[in-house]
Amino acid sequence: MSADITFTMIKPTAFKNNCTGKVLYKINEAGFKVVAMKITRLSKKEAMKFYEVHAGRPFYDELVNFMSSGPIVAAILEKENAVDAYRTLIGATNPAEAAEGTIRKECGTNIGENAVHGSDSDENAVIEASFFFSQIERF
Ligand code: CMP
């Protein structure tokens, strides 16, 4: 298992608000290599599966509806200590609590529409990357 990848999605509101360029710029500036990337749209069923770890939590239905509401950008990022490095770059889950200069501070709307997803562990990074990308889509 690689310890050096993380998985991200630019969420529907951030994509719709033309934040994709800013997010990718910050990712490049921070020294991540983009290994795979695509614009796609999750069905409700796919969003339920991707976020199944949160099933039963009060925000689950809202999260699933939002994440399937429009196009997203999905990407695999590579860097030493990628999971932690990316979580630092994106900031706290709630944009209102995120540090200045972070992606969620600058591009997030609220805790649900918080601009980007980032894997929370090396194990989940591998699972999430494989949810979206096959081996021949990685460079
Ligand atoms: P993400 O990193 O995509 O992982 C799970 C998502 O659930 C999280 O970002 C938030 O967008 C969302 N989330 C977490 N907590 C809450 C909450 N209290 N209310 C609404 N959405 C939440």
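Which residues lie nearest the centre of the largest pocket? In this predicted model, they are Tyr51, His54, Phe59, Leu63 and His117. The ligand sits in the largest pocket, with more than half of its atoms within 2 Å of the pocket's grid points.

**Basis of the model**
- Residues are numbered from 1 along each chain as its sequence is written, and side-chain values use heavy atoms, without hydrogens and water.
- Local features need pLDDT of at least 70 and side-chain atom pairs pLDDT 80 or more, whereas totals for chains, interfaces and linings use all residues.

**Pocket**
- A pocket is an open set of points on a 1 Å grid over the protein atoms alone, where a 1.4 Å probe fits, with protein on both sides within 12 Å along at least five of seven lines.
- The volume of the largest pocket is about 850 Å³, counted as the space filled by probe spheres set on the points.
- Its lining comprises 29 residues, each with an atom within 4 Å of a point.
- Helix 7 contributes the most to this lining, with four residues; helices are DSSP runs (H or I) of at least four residues.

**Ligand surroundings**
- Residues around the ligand (a heavy atom within 4 Å) include Lys11, Tyr51, Thr93, Arg104, Asn114 and His117.

**Polar contacts**
- Polar contacts are pairs of N or O atoms within 3.5 Å.
- A polar side-chain atom of lysine 11 is 2.7 Å from a ligand oxygen atom.
- For arginine 104, a side-chain N or O atom lies 3.0 Å from an oxygen atom of the ligand.
- Histidine 117 places a polar side-chain atom 3.0 Å from a ligand oxygen atom.

Methods: Polar contact = N/O pair within 3.5 Å; in protein donor to acceptor, adjacent residues only side chain to side chain. Helix = DSSP H or I, 4+ residues; strand = E, 2+ residues; numbered from the N terminus.
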